[in-house]
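The sequence and structure are shown first.

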Amino acid sequence: MTAGGGGGAGAGGVTSGKKRQRSGSYSRLSSTIGIIDSSRPDNTLTERTQKTSGIRRTASHTFIAPSSSAAVSRGFNDSATADVVLRLFVDQLPLFDTDDSESISAVDSDQSDVQIYLHSDVLCRSKYFATLLSDRWQKESNDVDSGNSSRIFRLNLGVPATPGSIDHHLAVLQLLYTNDFSTTIHNVSVALCLLPVALELIFEDCIKACVRFLEAVPWAEDEERKILSIVPLLSKEESQELLARVSIDKIDSSEQMLHGLILSALHNHPNMAFAKAFVAKLLRDFSSKEAAKRVLDGAFQSSLKIVKESLEEYSSPDFRGDHNEIEAIQRLNLHTAMTNGRHLVWLVERMIELRVADTAVQEWSNQAAFTADLLRALRDDAWRNIVPGLPAVVLRCTCKLSNAVATGTILATRQVRMKIVKDWLPVLILCKDYVTPMTPSHKTIYVELEDTFLRIISTLPLSDAQELLQQCLSFSTRNVEDCPHLMSAFTTWFRRANRFPLPDM
């Protein structure tokens, strides 16, 4: 912003030493004191230089309504009572760097020079003008008539060469005449146009009104970027609420948010399927794969712990009471295991989808105690009438994790590959032999898991594969042709076993 006199007298850089210092203040806020003309005896305004043909009255600008005969005395742009004549003109360079290469050419030349009539006591609401019109700077002007109490101030104010700059400055100048800012500042776009001008002129009331409005309403993404570019120009107190919306002190806040969303989708949301689908989309689009992995690992460990504890209490009860009370507790344990088992299935699907299931695979392969409790629970017929879907839920988790290992989605060590088959093969065999009636969905899971285990076994040393394959005879069916996966596995093992030993390298 550049302010100057109309007659050549002035002192450069006056305001920069007087205005309130703001963080990140504009680098081009230099100003020059205006020319002060004595009034004529008839109290009419006189101009020391002839008005140029390019000067426009404010009636042509969208933010400002023209003065009318019914206007309030001493109102905005009232030439009859004004003691300040302000010329607004467009500077050659914009105040800020802009990505819009056409910003300068977009300024209408017919609207690049405007003259308005103002009042010095009103302008003093702006600390910029208060300094410019103060006694100190008046005395430094060569054209001040200190003996005349009625004087006319002629000021030139340069504004950035950006679209709407003149209108925005006029709107802020008009707001000097009112305390009702809500009529003008009614949307984010207007607030963002006026706030930089209010900061230039150090118009505190307008700054507060713009900031208060921005604090209270939603922003679009492009509006948020503009607000963040203005924030450095605000004081810490003014910017506090704006920054709180877009930044947070906690480093792991994103992980905490994800964790809370997962818990809500799994446990609290009435439309669980919709909530799970939404959270799954968030996880896929999340910027940090490592952060998503940590959150999913934590949720997986939590749900697995609940399932294990519930089945342990069911299979090895350590409480006394009457029959009905014991039965109620056992039912609760089974329902708890079933519910959290479903949560495990969803979590495992998300982890495999993001290819971050390596920790879950390792944990699932080290569950000898858990599978022992599960085998004891399944041998008790009580679960059939309470949670008939429990075996399918547990085997679905096993199948998904094992398939990720067999396909190479998760690269597991030899020990992990062997343990996941060794610990969970007895559960598969028991479910296949004793869980009746076998539904089509159960049969599909069994066959898929059988094939997956056999493929993993084919990756193990022959001695380990021999031990595990002998347990897989239960995969056979009445018709040998119905179990080609089992036949293929044994054929492969015998072919390798009968191969002559390779020479030592």
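## Helix 5

Helix 5 (residues 188-201) has 14 residues, which at 1.5 Å a residue should span 20 Å; its end C-alpha atoms are 20 Å apart, so the two values agree. The expected span is 1.5 Å times one less than the number of residues. Helices (H or I, at least four residues) and strands (E, at least two) are DSSP runs, numbered from the N terminus.

Because 12 of its 14 residues are buried, helix 5 is largely enclosed by the rest of the structure. Buried means under 20% relative accessible area, exposed over 50%, and partly exposed in between (1.4 Å probe, protein chains only). The buried residues of helix 5 include Val-188, Leu-194, Pro-196 and Glu-200. They pack against helix 2 (127-132), strand 6 (151-159), helix 4 (165-175), helix 6 (204-216) and helix 7 (221-230), where contact means heavy atoms within 4.5 Å.

## The ends of helix 5

At the start of helix 5, a side-chain oxygen of Asn-187 comes to within 3.1 Å of the backbone nitrogen of Ser-189. A polar contact is a pair of N or O atoms within 3.5 Å; within protein, one must be able to donate a hydrogen and the other to accept it, and residues adjacent in sequence count only if both atoms are side-chain atoms.

Just after helix 5, Ile-202 takes a positive phi of about 50°, although Ile-202 is not a glycine. Ile-202 lies in the loop between helix 5 and helix 6 and is buried, with a relative accessible area of 0%.

## Basis of the model

This is a predicted model: local features need pLDDT of at least 70, side-chain atom pairs count only at pLDDT 80 or more, and totals for chains, interfaces and linings use all residues. Residues are numbered from 1 along each chain as its sequence is written, and side-chain values use heavy atoms, with hydrogens and water left out.

## The whole chain

The protein chain contains 19 helices and six strands. Of its 505 residues, 45% are buried. Among contacts between residues at least 6 apart in sequence, 79% join residues at least 24 apart.

The chain exposes about 26,500 Å², and carbon and sulfur atoms supply 51% of this area. Accessible areas come from the Shrake-Rupley method with a 1.4 Å probe; for residues, only the protein chains shown count as cover.

## Helix 4

Helix 4 is mostly covered, with 10 of its 11 residues buried. Among them are Asp-167, His-168 and His-169.

## Aromatic rings

A search of the whole structure finds eight aromatic pairs. Tyr-128 and Phe-129 form an edge-to-face pair, 5.1 Å centre to centre with 75° between the planes. Rings of Phe, Tyr and Trp (its six-membered ring) pair if their centres lie within 6.5 Å; planes under 30 degrees apart count as stacked, over 60 as edge-to-face and the rest as tilted. Tyr-128 is buried, with a relative accessible area of 1%, and Phe-129 is buried with a relative accessible area of 1%.

Ring pairs also link Phe-300, Trp-364, Phe-370 and Trp-424 into a cluster. The charged end of Arg-245 sits over the ring of Trp-219, 3.7 Å from its centre (NZ of Lys or CZ of Arg within 6 Å of the ring centre and within 35 degrees of the ring normal).

## Two loop residues

Asp-91 is in the loop between strand 4 (84-90) and strand 5 (113-118) and is buried, with a relative accessible area of 13%. The C-alpha atoms of Asp-91 and Pro-160 are separated by 5.4 Å, with the two residues 69 apart along the chain.

Asn-77 lies in the loop between strand 3 (35-38) and strand 4. Asn-77 has a positive phi of about 60° although it is not a glycine, and is buried, with a relative accessible area of 7%.
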